[in-house]
Amino acid sequence: MSAKLFDLSGRLALVTGSSRGLGNTLARGLAAAGADLVLHGRDADRVRREAAAIAGDYGVKVSTTLFDVTDRDGAARALDGVLDTVGVPDILVNNAGIQSRAPFNEIEAKNWDAVLATNLSSVFYVSQPITRRMAERGSGKVVNIGSVVTLLARQTVVPYTAAKGGVAMLSKGMAADLARFNVQVNTISPGYFASEMNTALINDPEFDAWVKARTPAQRWGDFEELVGALIFLASDASSFVSGQNIFVDGGMTSVV
Ligand code: GCO
């Protein structure tokens with residue numbers, strides 16, 4: 001009984017920003033649980049290469065789609081193509097995101113705009129064409145990637161904090177409107193992970209020491225440790241869970 005609850009065989013999952021980094025790990029985790037994939041990115045060669053690799057590694061069907069998540073019309077056109085030729089995803093993971101660090105008084109408007117567009121507005125642009133069809137079908141799962149800064153702020157990452165805080169509340173708003181169509185919307189909020197976005201932080205001995213002291217697990221997280229929460233929220237195991245924000249952070253947000 002319990003194994004079937006987490007089985008994604010026959011399901012179709014679209015993960016934004018899935019040709020590399022966290023999105024790629026999440027997509028591979030969904031494939032390992034049986035899901036067919038729509039891999040997304042902006043670099044055609046990289047996306048197609050990774051799609052072939054995942055198909056070979058997990059024996060699932062992997063389609064691809066290329067678009068800029070900040071371009072609403074371009075995303076809608078690309079997603080219409082996916083919906084018409086591949087099908088309506090059962091699972092949507094809004095993962096694409098960027099970081100821009102500067103003290104509040106030194107933030108440049110272009111960086112503010114880019115972070116809010118990529119990390120927050122994109123969730124609306126990408127979700128709406130898909131959740132409309134999920135609602136028609138009467139089923140669907142949306143998982144938005146948040147951050148510990150959906151709850152606790154950190155100096156020099158205000159645009160990211162504002163955007164990710166918005167993502168957590170956007171999930172709740174979407175959950176409120178979509179639950180009656182049997183579409184569940186939740187957030188996974190990572191703590192500090194050894195990601196490409198955090199290379200500068202990892203290579204900073206002082207910041208590295210701070211993360212290890214501030215995190216009860218006393219270490220950075222590994223991307224693979226986010227897959228369990230994703231499988232839960234992408235599967236029938238979470239059919240009555242919506243609007244929640246699951247922190248995968250080694251305990252960071254549970255302690256002062
Ligand atoms: C930073 C980091 C964080 C992490 C993560 C924490 O500069 O503080 O980039 O934002 O990446 O989002 O949850």
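The lining of the largest pocket has 17 nonpolar, 17 polar and nine charged residues. Here Ala, Val, Leu, Ile, Met, Phe, Trp, Tyr, Cys and Pro count as nonpolar, Asp, Glu, Lys and Arg as charged, and the others, Gly among them, as polar. The model is predicted: local features need pLDDT of at least 70, side-chain atom pairs count only at pLDDT 80 or more, and totals for chains, interfaces and linings use all residues. Residues are numbered from 1 along each chain as its sequence is written, and side-chain values use heavy atoms, with hydrogens and water left out.

A pocket is an open set of points on a 1 Å grid over the protein atoms alone, where a 1.4 Å probe fits, with protein on both sides within 12 Å along at least five of seven lines; lining residues have an atom within 4 Å of a point. Volume is the space filled by probe spheres set on the points, which are joined across faces, edges and corners.

| Pocket | Volume | Lining by class |
|---|---|---|
| Largest | About 960 Å³ | 17 nonpolar, 17 polar, nine charged |

In the largest pocket, 43 residues form the lining. Asn95, Ala96, Gly97, Ile98 and Met197 lie nearest its centre. Elements giving two or more residues are α2 (21-32), β2 (36-41) and α6 (158-178). Helices (H or I, at least four residues) and strands (E, at least two) are DSSP runs, numbered from the N terminus. α2 gives the most, with three residues.

The second largest pocket draws at least two residues each from α5 (109-137) and α6. α5 gives the most, with six. Its lining includes Val123, Phe124, Arg132, Leu170 and Asp177.
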